[in-house]
Amino acid sequence: MIKQILTQKSGRLAALIMADGLFFGLTDPLKLPSFMLFPAFVLLAASLYAAFGLTLGISNVHGPLPKTRRRIAAAFAVLLAGLIALQTIGELGARDIIILVPLAILASMYTSYNREQRTIAS
């Protein structure tokens with residue numbers, strides 16, 4: 001089971017790391033047009049999602065369902081990518097972290113609760 005998870009997800013993660021290396025290695029951040037920041041953060045978020053997914057897949061082989069693991073990985077990836085984006089533009093402060101992290105946890109719990117309620121109702 002672990003071998004299957006490692007081969008599937010590690011291949012994606014390796015491809016994303018290579019794409020990260022090419023994109024971030026071949027671009028000069030001082031000369032990069034501002035519209036290219038969005039694809040850079042999407043690539044970063046995809047890499048974080050793949051890394052969190054691989055970590056959760058290895059650590060919870062008999063734990064949460066795959067949908068739950070994907071949702072947790074997506075929540076962590078979006079939160080971390082958002083914090084990195086705020087730090088990059090110089091807008092991240094301690095208050096932002098104090099507000100954003102609990103809001104992300106609350107949003108994750110709310111979406112999990114809504115999905116459970118829809119499953120029970122149907």
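Does L106 count as buried or exposed? L106 counts as exposed, because its relative accessibility is 53%. The cut-offs are these: buried means under 20% relative accessible area, exposed over 50%, and partly exposed in between, with a 1.4 Å probe and protein chains only.

Before going on, the ground rules. This is a predicted model, where local features need pLDDT of at least 70 and side-chain atom pairs count only at pLDDT 80 or more, while totals for chains, interfaces and linings use all residues. Residues are numbered from 1 along each chain as its sequence is written, and side-chain values use heavy atoms, with hydrogens and water left out.

Now the overall layout. The protein chain has 4 helices and 0 strands, where a helix is a DSSP run of H or I of at least four residues and a strand a run of E of at least two, numbered from the N terminus. Of its 122 residues, 18% count as buried.

L106 sits in helix α4, residues 94–121. Together with I98, I99 and L103, L106 makes a nonpolar surface patch of about 420 Å².

For contrast, take L56 in helix α2. L56 is buried because its relative accessible area is 14%. From L56 to P66 is 10 residues in sequence and 9.5 Å in space, C-alpha to C-alpha.

Last, the second largest pocket. A pocket is an open set of points on a 1 Å grid, with protein on both sides within 12 Å along at least five of seven lines, and lining residues have an atom within 4 Å of a point. The lining includes F23, P29 and T88. Helix α2 (37–59) gives the most, with 3 residues.

Definitions and conventions:
On a 1 Å grid over the protein atoms alone, a cavity is a set of points where a 1.4 Å probe fits but cannot get out, and a pocket is an open set with protein on both sides within 12 Å along at least five of seven lines; lining residues have an atom within 4 Å of a point. Patches are made of residues with over 30% relative accessible area and no salt bridge: like charges are joined within 9 Å, nonpolar side chains (Val, Leu, Ile, Met, Phe, Trp, Tyr) within 5 Å. Accessible areas come from the Shrake-Rupley method with a 1.4 Å probe; for residues, only the protein chains shown count as cover. A salt bridge is a side-chain nitrogen of Lys or Arg within 4 Å of a carboxyl oxygen of Asp or Glu.
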